[in-house]
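Let's take a friendly look at salt bridges in a protein model. Have the sequence and the 3D view ready, and follow along residue by residue.

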Amino acid sequence: MPPTGTNQYCYRTSPPHMFSNLPENVIDEILICLPFKEAVRTSVLSKQWKYNWCRLPELTLDGTIWTSKKDFLLFSTSEITYFINHILILHDGPITKFILDVPRMISCPKIDDLIYFLSKNGIQHLVLKLPLCGHNKLPSSLFTCFQLRHLTLENCLIHPPSAFDGFDRLISLELHDVTISSKFLESLIYHCPLLERLVLQIPQHLNVVEIKAPKLISFKFTGSIQFITLKDVPLLAKLSLVDTGFVRADNFDIAKFFESFISVELLHLDSDSIKFFARAGEVVPKRLPFDLNCVKRLYLSEISLNGFKVVACALCLIRSFPCLQYLKIQVDEDDADDNIWGTLKCLKVEAFSDMTLNHLKAVKLINISGTRPEMQLMKLLLAKSPALVKMVIDPHYALNGRIYVKVKAEISKFQRASSKAEVVYDVDYY
């Protein structure tokens, strides 16, 4: 115990050899837990610590290095390139994880030597977030990193050598704002047989892409594409199709699209994907020809309750998910049509006489402003959900107090199938 009045946290009271005598594995664990800049700074602790950071198997070079606390850029493009090369010269041992996140306000540093070095040093987890400054073509050495298990690319031009035959150990792939052909994207996914997680954010317009991934568990797509077909995805549990820009609707069969989703538990669709499904045929089916009992969570974002076909399609899916437990709908005000009476009719409780939402436990409705379709939806869900515990209503920010009180009063009169159903208003203003 330190003497009374002594600062027990004062480092000067520590024996000078304390840091030097730590086992290497303990030192490595300490350094891995630190930001890279702080790990390098430990070199001043003692002579023995001077180059300990050089054997770190995980390196993260991001904004904490390139910029100050006030977001002032500290390095130029050439300095970043020099900095990276200097680290590679000093580094000793394998690098299993490497993250490079370059500020958007500069041009892309030269990374050819970096990727070649990583390909020869056991890289398993690679993240390249390059600046948006034209096409940052990836060096061919990237496609020889055969030990990769996690790969994230941002703002890259992906053009593989002809001999490339996939990453047979890859389990996670993220592509953000990349330039890639439809043909190669399809081939890349197919030639990653262990792929479990896939995130695609692709702004360029692609043709139809068929995804075959027997180990895939999670898939999130955002971007412009003619259409995506999902085949041989027996383990797919999480699916998100948002801001898709699907354009092909001829001969599209919504039932065939969903029939392969035998394991999907969480489904996130937005206005774009729902509209695509809704306009694929002259008549929106009341329900799919089969039940998807696997779906437990459904999130519909930016959905207009003023559009008849959109509402009809959303209800078609809800009817087809009899084991649904959690439902979240973010309401959007756009896309009003002339068939408001048709919308109100399909939202009536009587229209759901063919089924009950026996497993629905929680509902969250966002951006509620008290329109007739919104009120009808709430009435429907409360009346047809005997297991409902909580309905959370997040009012629209512009909803005035008088209308808010009126909405609450009206909801309080709705019949509830569940005696435990609680309606909660998730807003501090009121």
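E210 and K212 form a salt bridge, with their closest N and O atoms 3.5 Å apart. A salt bridge here is a side-chain nitrogen of Lys or Arg within 4 Å of a carboxyl oxygen of Asp or Glu. This is a predicted model, where local features need pLDDT of at least 70 and side-chain atom pairs count only at pLDDT 80 or more, while totals for chains, interfaces and linings use all residues. Residues are numbered from 1 along each chain as its sequence is written, and side-chain values use heavy atoms, leaving out hydrogens and water.

**The E210 pair**
- E210 is partly exposed at 22% relative accessible area, and K212 is partly exposed at 35%.
- Buried means under 20% relative accessible area, exposed over 50%, and partly exposed in between (1.4 Å probe, protein chains only).

**The bridges of D354**
- R287 and D354 form a salt bridge, their closest N and O atoms being 3.4 Å apart.
- This pair links distant parts of the chain, 67 residues apart.
- D354 also forms a salt bridge with R319, where the closest N and O atoms are 3.7 Å apart.
- That pair, too, links distant parts of the chain, 35 residues apart.
- Is R319 buried or exposed? With 5% relative accessibility, R319 counts as buried.
- R287 is partly exposed at 28%, and D354 is partly exposed at 35%.

**The wider picture**
- Salt bridges link R287, D291, R319 and D354 in a network.
- How many salt bridges does a search of the whole structure find? The search finds 6.

Key:
Helix = DSSP H or I, 4+ residues; strand = E, 2+ residues; numbered from the N terminus.
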